[in-house]
Amino acid sequence: MASEWKKAKDVLHRLNENGFDAYIVGGAVRDYLLKRKVADIDIVTTATPDEVSRLFSKTYRMNNLHQTVIVKHGDEKYEVTTIRGVTIIDDVSLRDLTINSLLMDCNGEVFDFVRGQDDLFQNVLRACEPFDRMIEDPLRMLRVFRFVSELGFDIDQELLSIISTNHERIQDVAIERVIKEWIKLLKGKHRNLALDLIMSTCLFKSIPGLELTEQALDGLSNVKSLKQSTDTVCLTAFCLCLSRINEQYLKNLALSNEQVKKIQARLFYYELRHKKQWNRLDLYDASIQVAIDVENLRNLYNKENQNIAQLLEMWESLPIHQRSELAISGRDLIHALKKNQGPWVKEALMLAEQLVVTGQCQNEKEVLLNAILEEG
Ligand code: ATP
Ligand code: MG
């Protein structure tokens, strides 16, 4: 058994020794039974967060909303959450889907209070008291389709009709939560099945922030599998299906500024690449990772793409790869030209980069200074 499981069981043992019930719960048990790769191991216990914190040497408190403590054990981290309700059975009945409500104890024995194993082996997504579960936290409606996308399961009829009639309720869910599920949905092996259901239940009209349209979903269904793609490529591929996208749209998705910049760069060079092949200067400006991602995006959209090895060769052959490798600095320029600091410095440096990258000048200080002087 892999070390993350062994260490998780150590955590369960320690809680048990101190008189608390504790189980591995949720996705880890589900994926273990499906023989799928496990993303992370979550633990549920009767111990309170304070009691958990006292029992382990390395712990961090998560937001109090979920009564979760992160327990570090060696290299592994576990989210240890205090049960909601009085018993462990109350807790599992409050989870989103029966297949996510299975428990495993420290001996590896599986406990199922919600017929989750039957659903798992019949490939069905079902919720206990589905109306209450979906209304309590409407993000769960999107999670249902996320699991369709990942697992290819059917949705229980009652659950599906509840989603169809209550999709508007998802409108108030925080976009941070939506986007995480959306990325996972986009990467799923059965993505198009999930997209069809999002369309037929009309959930797409209510998902906040994404501004989905039938056209966009249709476009997305023609994109190749995003399973191996990074979040950045995945989100860029998605943006390319939308008719109008701008910086504000990306910011409204609650992405980090860094992520927004990465997506914008890929969108920009994707556009440029429609018009022309890569040349040395564009490659230098874009940097190799952006160029590789753009070629991957072209492949995802069934467009002919440049050989990555050739692209890497062009990149390797560049005399410099970033401004700091230039033989002159802004300070050198100010000193040599005896001019005050100003926007001209950046422009001159850009000219120097261009001259060096295109092979018009050697990357040498005197050569570059003269060239810049000549340009005025
Ligand atoms: P993954 O493999 O992607 O991590 P997961 O099923 O583990 O999938 P998580 O988002 O990590 O999903 O959540 C862990 C568990 O917590 C779930 O299996 C489920 O039991 C419960 N859970 C998570 N989000 C919700 C929610 N919105 N409502 C109810 N239960 C939830
Ligand atoms: Mg998980």
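User: At what angle do the axes of helix H10 and helix H11 cross, and within what distance do they come?

Analyst: Two packed helices are described by the angle between their axes and the distance between the axes. This is a predicted model, in which local features need pLDDT of at least 70, side-chain atom pairs count only at pLDDT 80 or more, and totals for chains, interfaces and linings use all residues. Residues are numbered from 1 along each chain as its sequence is written, while chains are lettered from A and ligands numbered from 1 in the order in which they are written. The axes of H10 (residues 191-200) and H11 (residues 214-221) cross at roughly 170 degrees and come within 10 Å. Axes are lines fitted to C-alpha atoms, for helices over the stretch in contact, with angles from 0 to 180 degrees between N-to-C directions. Helices are DSSP runs (H or I, at least four residues), as are strands (E, at least two), numbered from the N terminus. H10 and H11 are therefore roughly antiparallel (an angle over 145 degrees).

User: Which residues of H10 and H11 meet?

Analyst: Contact requires C-beta atoms, placed from the backbone, within 7 Å. Asn-192, Leu-195, Ile-198 and Met-199 of H10 meet Glu-214, Leu-217, Leu-220 and Ser-221 of H11. This contact divides into five nonpolar, two polar and one charged residues. Ala, Val, Leu, Ile, Met, Phe, Trp, Tyr, Cys and Pro count as nonpolar, Asp, Glu, Lys and Arg as charged, and the others, Gly among them, as polar.

User: How do H7 and H10 cross?

Analyst: Their axes come within 7 Å and cross at roughly 150 degrees; H7 and H10 are therefore roughly antiparallel to each other. Phe-145, Val-148 and Ser-149 in H7 meet Arg-191, Leu-193, Ala-194, Leu-197 and Ile-198 in H10. By class, these are six nonpolar, one polar and one charged.

User: Which helix gives the largest share of the shell around ligand 1?

Analyst: A residue is near a molecule if its C-beta atom, placed from the backbone, lies within 6 Å of it. Helix H7 (residues 139-151) supplies the largest share, three residues. Of the 14 residues around ligand 1, Gly-26, Gly-27, Ala-39, Asp-96 and Asn-100 come nearest. The shell has two nonpolar, four polar and eight charged residues.

User: At what angle do H16 and H17 pack?

Analyst: H16 (residues 288-300) and H17 (residues 308-317) pack at about 160 degrees, with their axes 11 Å apart. That makes H16 roughly antiparallel to H17. The contact is made by Ile-288, Ala-291, Ile-292 and Glu-295 of H16 and Ile-308, Leu-311, Leu-312 and Trp-315 of H17.

Technical notes
Parallel < 35°, antiparallel > 145°, perpendicular 65-115°, else oblique. Contact = placed C-beta atoms within 7 Å.
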